[in-house]
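Welcome! Have a look at the structure below, and then let us walk through it together.

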Amino acid sequence: MGFSLANIDRRVFYWILFIALMVPFLNPIGFPIKIAENTRDLYEGITGDSVEPGDVWIINFGYGVSAWSECHPGVTVCAKALLREGAHLILMGPHTDVELTYRHLLDTAKEDFDAATYGEDWVFLGYITGGESAIAQLASNMRSVYPTDHFATPLDDISMMQDVNTWHDVSGVLSSDTGDWGGYFLTMWQEAYGVPMAQIGIAMLGSTGIPRWLAGNYFGMSVGSRGGAELEMLIGEPGDAIIAMDSISVSHLLIVIAVILANVGLLLERGRGS
Amino acid sequence: MAYPTATMDVIGLWIGWVLMLTIYSYPLYKENPVYRFSEHLYIAVMLAVNLVVNFSNVMRICVTPMMQGDFMMIVPLILGIMIYTMLIPEYRWVSRYPIAILVGAGFGLGIRGSIGPNIQDAIVSTITRPTDGVAMAWINFLYIAVGLICSVLYFLLTYEHSGALQAPTRIGRLFIMVALGAYFGNTVLFRFTMLTGRAQFFLQVLKLIPM
Amino acid sequence: MSQMLKREVVYAITGIVTVVMFLEYFFFPESQSWAEMIRTWSVIIYNISLGLGAVRLAMAHSMNVQRRRENWAFSGVLLAGLAIMLLTGLAGYFMTGQQTNNAIYNWMFVNVYTPLGATLYPITGFYIFSAAYRAFRARNIDAALMLIAGCFVILSNAPVGEAIWIGFATVGEWFRFTGQVPGMRTFALVGTLGMIAYGFRALLGKERGFYAGGEE
């Protein structure tokens with residue numbers, strides 16, 4: 001019998017996947033979501049006694065539009081949480097589409113940003129590049145890499161930035177990454193000067209980041225969209241991540257079934273062969 | 001974000017929806033001219049955005065300060081332009097000077113910053129015994145300690161993995177495979193979350209689910 | 001003299017910059033004026049150099065159009081799109097200080113760049129799925145371990161895993177917080193050691209590949 005999964009046109013499976021991803025949005029299931037310890041540590045690190053009004057926090061948008069569904073829900077929750085504690089936010093990012101991400105955050109955390117004042121409660125510094133050198137320079141002299149904010153206003157003319165220029169003036173860093181930029185903040189801010197840092201990264205950074213959380217380099221960590229969903233549970237405001245969890249469940253189940261079927265096929269092949 | 005009402009915004013939304021389908025025509029159907037058109041369009045737009053954003057950034061951090069009196073900024077400006085000599089074969093060597101600065105800065109910063117979290121903190125965390133007396137905590141502690149030693153031995157490439165090294169390097173390889181498997185599991189979440197976002201967008205534009 | 005300018009002086013610059021970065025951090029942590037200057041220059045050089053790829057690509061596609069090579073029409077689309085976005089973006093920047101203040105640039109940024117960018121990368125999700133049923137087979141114990149770890153992590157990342165059986169979440173969590181830790185720490189550790197070794201080789205002039213035209 002020559003039938004095997006490998007003989008089926010793979011486009012059939014792609015269509016199955018594409019349709020299966022959409023069904024849970026039309027018919028939500030609502031699986032419960034357990035909160036991981038690393039996510040809880042992150043949330044506790046940005047709320048309550050961990051944050052004083054007036055503390056300055058950096059949020060690094062280290063992700064582009066393709067990773068919005070993965071990183072943005074977690075960033076939204078953290079921005080909301082910090083603003084509600086009275087912290088001041090410095091928003092910046094190394095992607096050329098960082099302005100789109102900034103606008104998206106103003107939309108997803110609309111109520112909190114509408115209640116705050118630009119220049120007093122938050123500032124958007126915009127695009128940065130230059131790798132480790134840029135982040136190291138940001139720690140020692142912000143105005144050398146950001147003489148103005150994204151809207152060309154000199155930092156000295158922005159009220160919340162008047163006393164902020166080095167790592168001394170920053171209480172913590174939240175880096176949301178798809179790649180290296182969180183690592184630069186880790187080496188140039190957390191390791192060099194002991195600035196508390198947490199990662200709101202893509203799921204793959206969960207593999208490299210969890211050992212760092214265990215070692216105490218990160219005070220908390222949110223892993224991908226699952227972490228974003230957990231943060232939304234913690235703040236009590238369901239958002240895009242929780243909505244997407246059902247679809248993610250279906251897709252993950254499909255891939256595990258695919259792996260199992262492939263290995264059942266392998267066992268059958270070996271059985272036939274022997 | 002609510003469903004847009006302005007005409008140009010609605011047109012833009014639908015154009016984005018169509019462009020998404022043109023990209024998905026490649027895996028769901030086959031490679032076709034429509035997909036290639038969208039692919040080339042994306043590269044064009046991405047490159048242009050890159051150029052414009054980087055240009056404005058150079059103006060902000062270099063040219064404007066220079067015009068305001070910081071004349072030393074002419075040096076990095078010239079060094080940066082020297083990189084473009086890479087395009088001229090007989091003068092390619094000139095581009096080595098700015099690259100030398102980038103490499104030196106990256107290496108100097110890398111050494112001083114990486115040793116702490118990647119080596120020191122990792123080793124300290126591995127050898128720090130658990131504070132609670134729970135059996136599972138000790139099992140995990142031993143697992144991580146043995147695993148780290150065997151896995152590092154696996155990457156010891158100066159000696160052949162035979163004799164006394166054979167068993168620990170073999171065990172180390174198994175630990176590495178477990179780590180790669182977990183990494184694969186996380187990769188699946190990442191890739192499928194992105195796909196999920198597109199599936200959601202597909203339905204939102206059709207107004208089958210709220211935006 | 002010419003060879004010295006092309007090689008030895010370059011290595012000397014690399015070495016001096018490295019040492020400055022290193023020494024000022026440890027011995028002059030509060031001032032670091034030389035290191036700061038070099039870092040600022042690095043950032044500016046990096047910014048300017050990012051245009052190199054775009055220039056190369058534009059040159060290659062221009063050649064396609066000029067010589068009417070296969071699929072030259074798509075190269076034309078690329079060049080036209082690049083020209084429109086570049087001109088409108090620069091116009092917006094020079095006239096208002098913000099490139100996104102130009103309506104055409106902003107519209108294309110939001111309605112062309114965003115959906116295309118958000119769609120191209122997730123295509124890999126399809127390929128992972130096809131790889132799962134074609135290639136992810138436990139042919140030996142190494143592959144079996146990898147697949148078992150992967151499947152448990154997959155089912156612990158998705159809420160459905162716990163709904164099916166609590167063990168998926170428990171074991172998956174173990175893999176995430178303990179199982180993968182030795183391997184991941186190893187990658188970081190040996191990667192750092194490798195970076196240090198490679199960097200010293202570069203300083204000593206033994207690694208020259210990244211100095212454009214290292215064969216000279």
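Here is a short tour of the chain contacts, the domains and the nonpolar core.

This is a predicted model, in which local features need pLDDT of at least 70, side-chain atom pairs count only at pLDDT 80 or more, and totals for chains, interfaces and linings use all residues. Residues are numbered from 1 along each chain as its sequence is written, while chains are lettered from A and ligands numbered from 1 in the order in which they are written.

**Chain C and its partners**
- On chain C, 95 residues are in contact (C-beta atoms, placed from the backbone, within 7 Å) with 96 residues of chain B.
- The side of chain C that touches chain B has 62 nonpolar residues, 27 polar and six charged; here Ala, Val, Leu, Ile, Met, Phe, Trp, Tyr, Cys and Pro count as nonpolar, Asp, Glu, Lys and Arg as charged, and the others, Gly among them, as polar.

**Domains of chain A**
- The domain assignment, automatic or from a database, gives domain 1 (5-29 + 249-273) and domain 2 (37-238).
- The centres of these two domains, taken over C-alpha atoms, are 38 Å apart.

**Nonpolar core**
- The largest nonpolar core has 194 residues; such a core is a set of buried Ala, Val, Leu, Ile, Met, Phe, Trp, Tyr and Cys residues joined through C-beta atoms within 7 Å, and buried means that 20 or more other C-beta atoms lie within 10 Å of a residue's own.
- Helix α6 (residues 166-205) of chain B contributes the largest share of this core, 17 residues.
- C78(A), among the residues with the most contacts inside the core, touches I46(A), I59(A), L174(A) and I200(A), not counting residues up to four places away in sequence.

Note on methods
Contact = placed C-beta atoms within 7 Å. Buried ≥ 20, exposed ≤ 12 C-beta atoms within 10 Å, placed from the backbone. Helix = DSSP H or I, 4+ residues; strand = E, 2+ residues; numbered from the N terminus.
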